[in-house]
Amino acid sequence: NALQRSKSMLTTNSKQQGCQADSLSSLCSSNHSSNHYNTSSNNFNIYNNNADPAAMVTGSVNIEFLNNLYQIDSNIANSQLHQSVFETNTMYFSESDLLQFQKTYGLTQQAAVVVNGYNKKTCTSIASCFEGNLDLQYMMGIAQRSSTLYWHVDAKPSNPFLKWILDASNTENPPQSNSISWSSQEKSMSPSVMTQFNLEALKLTVRGVTIVVSSGDDGVAGAKCQCSADSSSSTSSWQQQDSGWSGSGYFPVFPASSPYVTVVGATMGPESGNIEIACQSRDGGLITSGGGFSSFFEQPIWQKEAIDAYFTTVSSENPPSPGYNPNGRGYPDVAFIGVAYEVMIQNKIRLIYGTSCAAPVFAAMITLVNSRLSEMGKGPVGFLNPTLYYHGGISGIFRDVALGSNNCCFYGNPDYENAVCCESGFSAVSGWDPTTGWGSISYPDLLNIFTDEGELEASPTEEPTMEPSSTPTKKPIKLKPTAKISKQPTVKPTVVFTRAPTRRLKS
């Protein structure tokens with residue numbers, strides 16, 4: 001099977017190159033016959049200055065914009081804390097682009113810690129460096145001075161998600177906040193792999209580790225826009241046959257479906273001075289933020305009240321078509337702006353769209369919270385979800401996003417009116433929903449719910465199927481930076497991008 005960075009699209013003068021979904025263009029896929037899953041990076045439109053702008057996206061996003069939007073008063077994090085971005089396939093990052101990004105926006109100039117290679121001095125292939133550049137530049141821009149790991153995992157011979165989390169579990173001091181902007185459809189995953197990942201994620205939360213995952217860029221129908229494909233319980237790994245379902249067009253992704261990760265969707269609107277809505281291709285967002293309900297993992301107890309309230313609302317207003325598991329883990333948990341991020345690639349600013357713009361930003365905000373907790377003599381937040389859902393249900397501190405839906409497919413074209421939309425999908429409503437979660441949250445409010453004396457304990461509230469232990473399953477390993485360069489990507493871009501940064505920011 002092909003192991004893909006799906007949805008990579010390079011656009012210039014309205015002329016497109018690349019691939020969408022699971023197509024096998026050499027620009028965005030590499031073949032590994034030993035793999036039995038598809039892994040996709042949840043990001044993926046690079047726009048340049050000459051292309052027609054998306055209909056509703058007339059502005060752009062950078063560190064200063066995010067600081068203002070989420071009321072972040074300082075980007076200086078504790079230098080003793082660690083954060084990381086997960087990468088796989090042949091995705092690398094450019095050291096010179098990272099430094100130029102930091103210089104251009106007046107940020108702390110700091111190198112990343114490289115785990116398992118895949119760093120290069122310069123970006124020789126846009127298709128092979130833009131995700132890595134995006135993730136590092138924005139995680140290190142929002143939470144500066146903290147040690148940031150670029151943690152690359154080979155996509156073969158084993159599942160990269162499981163390999164990464166096993167390595168993290170067996171690390172003496174794993175990063176406290178981690179961002180994953182990649183996903184696979186649940187139906188392509190082995191049940192044993194998902195179960196083991198979930199158990200290791202639970203064990204890491206006990207050690208104060210937070211795992212943030214993007215929700216995907218293909219709405220509910222998946223990378224191939226499978227609007228009419230059977231998605232009933234007979235096609236999933238769901239074991240409770242008395243709770244089965246029927247229908248079509250819903251294909252949840254992993255690891256976003258794991259109960260022990262915090263999932264971030266994408267929104268749009270504020271970058272252009274408009275009201276915030278769910279990011280969807282039909283509305284000019286180029287990608288459609290993913291969301292829905294797991295076909296494998298059961299609904300956790302801390303989420304039940306929010307999901308019950310959602311179904312009560314939509315049952316009378318706009319009930320979704322059948323084909324999903326109403327008893328599964330719902331996602332996303334929150335949503336942050338995910339369009340038109342200014343990213344330094346090949347020493348030029350390009351605009352990138354996707355849920356993987358939002359994930360490293362939220363993960364970096366968690367690093368800032370952990371830094372403040374450290375100053376107070378407290379440990380890191382660890383497992384966020386029970387606390388987020390408790391406060392989402394009673395305090396109204398979230399910025400609710402109640403407009404939009406995720407029934408359309410990734411499109412990646414400014415001709416947004418031709419985007420394919422399905423009958424399957426979920427609409428955003430007041431409160432939690434499987435499109436934008438609880439919505440976004442300002443940094444002061446996020447900090448408050450984890451530093452207030454009346455906070456809930458940020459720990460799992462349900463019994464795991466196996467007895468968890470905070471003890472690593474193997475002899476601990478220590479991560480060390482490496483300058484080793486892996487096999488160079490062979491893809492050469494055929495387009496030239498030009499865009500100047502819109503503003504500078506002093507840290």
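Which residue in E14 does Ile180 stand opposite? Ile180 stands opposite Val213 in that strand. Welcome to this predicted model.

- Strand E12 covers residues 177-180, and both of its faces are covered.
- On one side of E12 sit Ser177 and Ser179, while Asn178 and Ile180 sit on the other, and all of these residues are buried.
- E12 runs parallel to strand E7 (residues 82-87), and four bridges join the two.

- Lys304 and Asp308 form a salt bridge, with 2.7 Å between the closest N and O atoms.
- Both residues belong to helix H6 (residues 304-317), where they are four residues apart, or about one turn of the helix.
- Lys304 counts as partly exposed because its relative accessible area is 44%, a value between the 20% and 50% cut-offs.
- Asp308 is partly exposed too, with a relative accessibility of 36%.

**A buried salt bridge**

- Arg329 pairs with Asp333 in another salt bridge, and here the closest N and O atoms are 2.8 Å apart.
- Is Arg329 buried or exposed? Its relative accessibility is 0%, so Arg329 counts as buried.
- Asp333 is likewise buried, with a relative accessible area of 0%.

- Arg372 forms a salt bridge with Glu375, and the closest N and O atoms lie 3.9 Å apart.
- That distance of 3.9 Å qualifies because the cut-off for a salt bridge is 4 Å.
- The two residues are separated by about one helical turn, because Arg372 and Glu375 are three residues apart in helix H7 (residues 355-375).
- Arg372 is partly exposed, with a relative accessible area of 29%.
- Glu375 is exposed, since its relative accessible area is 64% and the cut-off for exposed is over 50%.

How values were computed: Residues are numbered from 1 along each chain as its sequence is written. This is a predicted model: local features need pLDDT of at least 70, side-chain atom pairs count only at pLDDT 80 or more; totals for chains, interfaces and linings use all residues. Side-chain values use heavy atoms; hydrogens and water are left out. A salt bridge is a side-chain nitrogen of Lys or Arg within 4 Å of a carboxyl oxygen of Asp or Glu. Buried means under 20% relative accessible area, exposed over 50%, partly exposed in between (1.4 Å probe, protein chains only). Two strands pair if DSSP finds at least two bridges between them.
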